[in-house]
Every structure is written in C-alpha cells, then in structure tokens.
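Here's a quick briefing to read alongside the model. Have the sequence and the coordinates open as you go.

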Amino acid sequence: MVGSQASTSAAEFIAIVPARFGSSRLPGKPLLEIGGEPMVVHVWRRACQSLASRVVVATDDVRIREALLPYGAEVVMTAAEHPSGTDRLAEVADTLALDDEALVVNVQGDEPLIPPALINQVVQRLADDPAASIATLAEPITDIDALFNPNVVKVVRSLQGRALYFSRAPVPWDREHFASRPELLETDAWLRHIGLYAYRVGFLKDYRDYPPALLEQLEQLEQLRALQQGHVIQVALACAVNPPGVDTAEDLERVRQLMGADDQEGT
C-alpha cells in the first residue's frame, strides 16, 4: 500500500487528486508554492499517507504534470473542460479501466492540510454500506453565524447516517427559536458538510448521463443531483478536524503560516 498505516479490514481504494490550472481567484493554484513546493505536491503527499492502494493526480495542464513527475507521482491527463468535478473523476476511472465496484476518493487539490485519517474514514463508510453510491463527512455546527451563512453547506441525516438533504439554508429549522435569530445554538442538531467524497465507480459512470436536477440548480449543490436520482449518500461525523482549504490569496497565506509553524515544531 502507498500509506504507512495498515489494517486487514480496511477497504481497498484509489485516491484521485483533481488539479485544474484554471482558477478565477487564484490562477495556477495547484502550482502556488507552500514551503518551497507546489501546493498539489502537499495534497498528493497527504493522500499517499492514507491507506490508498494507489494515488493519482488528474490534471488538464502539462505544467502540473511536469511539476509532479520529479516526486514520482502518477499523473493522468484529462480534458480541460468538464461540467463538474465528478465528470472529471469519471474520465479518470475510464482511463484506468476501473471496475464498477471499485472505490475512489476525490481528494481536492486545494487542501494541503487534509488529515489522511479523513480519507480513510470516508471510504470505509462507503464500504460499510453496500447500498450507498457515495460517502461524505460532516461536523457539528456550534457557531450561529456559520449556521446562517449560505456558504456553509448544511446536511441532515437519517438515523442510519444517510443524507436526507443538503442545503445552504439553516436546516433543520428550529420553529420555536428561529422566529428571531438566536445568539447561541443549544444543541448539536446542525451539521456542516465537509466536501470530501468517496464514490463507487459505477455511480461515476452513470452520473454523466443524469441531467441537472431542479434542487441542484436552486441550491447550487452538485450532490443534490445524486439524491434526486435516488442514490444513497452516507454521511459520517469526521474523526478529525479538517483545516480550511485554499480558495483565496488570504487562505494561501494562512496555510503557509500554519505549515511553517508545523515545520518549526518538527525541528
């Protein structure tokens, strides 16, 4: 296995790191340096520390491939334009000739601090529910501002851990206490969705043929297309804190400082 951990009961899977060169906020984002190395290298290295049997970087730009090759990373070139990240993963699954029952994890290329334990957890959650097509993660929301922030995606689960709905709205709606905006949240009923996904390859192939769903278009949440098509999405409570990724120049600077502090502590 690629990772240094071992478990006889762990599900076998492939980690795929999509890395697009184009970014409206940070052009060339995967190649921006953190600690003297491209950001995508840090993400690839984190994925390699998971239990993945194989780690593949999927990119649309030869500059990203050339930056990764000195590190020994496996790189798959993909089309420059895809309707969604899920479609890009489907192309990689085709290129690698993966079986429909194979499990893959989409490790976002702008999360250089992602804990490998979360990668292992999300794929194991999928493996443990044969009826599920997708698995993802969530964490409790304790801050009222986060609950009412439309950029924070909320998820509601069944007792079996399956997703009932994802929304940018503060769901579930507390009828008794939300008539006016409260100052504090008194329970852990609200969950923030963490955008780390594990998929069965067969779902990725089917997904390409699904038209955009009404709920997906209203909320601008891609996972609602799968829910409206009747697919089961398992949602686990994250076993570790997932640090923020890099969307802006401010995010990049914060991550540089965090990783710099970690390097100093390790010396």
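**Helix α1 and the cores**

In α1, the buried residues are Met 39, Val 40, Val 41, His 42, Val 43, Trp 44, Ala 47 and Cys 48; buried means under 20% relative accessible area, exposed over 50%, and partly exposed in between, with a 1.4 Å probe and protein chains only. Helices here are DSSP runs of H or I with at least four residues, strands are runs of E with at least two, and both are numbered from the N terminus. Keep in mind that this is a predicted model, where local features need pLDDT of at least 70, side-chain atom pairs count only at pLDDT 80 or more, and totals for chains, interfaces and linings use all residues. Residues are numbered from 1 along each chain as its sequence is written, and side-chain values use heavy atoms, with hydrogens and water left out.

- Helix α1 spans residues 39–48, and eight of its 10 residues are buried, so the rest of the structure largely encloses it.
- The largest nonpolar core holds 36 residues, and Phe 13 and Val 105 have the most contacts inside it. A nonpolar core is a set of buried Ala, Val, Leu, Ile, Met, Phe, Trp, Tyr and Cys residues joined through side-chain atoms within 4.5 Å.
- The biggest contribution to this core comes from α1, with six residues.
- Apart from it lies another core, of 32 residues, including Ile 16, Ala 58, Val 155 and Tyr 210.
- In soluble globular proteins, nonpolar side chains tend to be buried together.

**Two residues and their contacts**

- Setting aside neighbours within four places in sequence, Phe 13 is in contact with Ser 50, Leu 51, Ala 52, Ser 53, Arg 54, Leu 103, Val 105, Ile 119, Asn 120 and Val 123. Contact means heavy atoms within 4.5 Å.
- Leu 26 sits in the loop between β1 (14–19) and β2 (33–34), and it is buried, with a relative accessible area of 9%.
- Not counting residues up to four places away in sequence, Leu 26 touches Leu 32, Val 246, Asp 247, Thr 248 and Ala 249.
- From C-alpha to C-alpha, Leu 26 and Pro 70 are 24 Å apart in space, and they are 44 residues apart in sequence.

- Val 171 and Pro 172 are joined by a cis peptide bond, with omega about -5°. Pro 172 belongs to the loop between β9 (163–167) and β10 (191–200).
- Ala 97 isn't a glycine, yet its phi is positive, near 55°. You'll find Ala 97 in the loop between α3 (85–95) and β6 (103–106), and its 65% relative accessibility counts as exposed.
- Gln 220 also isn't a glycine and has a positive phi of about 60°. Its place is the loop between α7 (214–219) and α8 (223–228), where Gln 220 is exposed at 58% relative accessible area.

**The chain as a whole**

- The protein chain has nine helices and 11 strands.
- Along the principal axes, its C-alpha atoms fill a box of roughly 60 × 45 × 40 Å.
- Buried residues make up 49% of the 267 residues in the protein chain.
- Of the contacts with a separation of 6 or more in the protein chain, 70% are between residues 24 or more positions apart.
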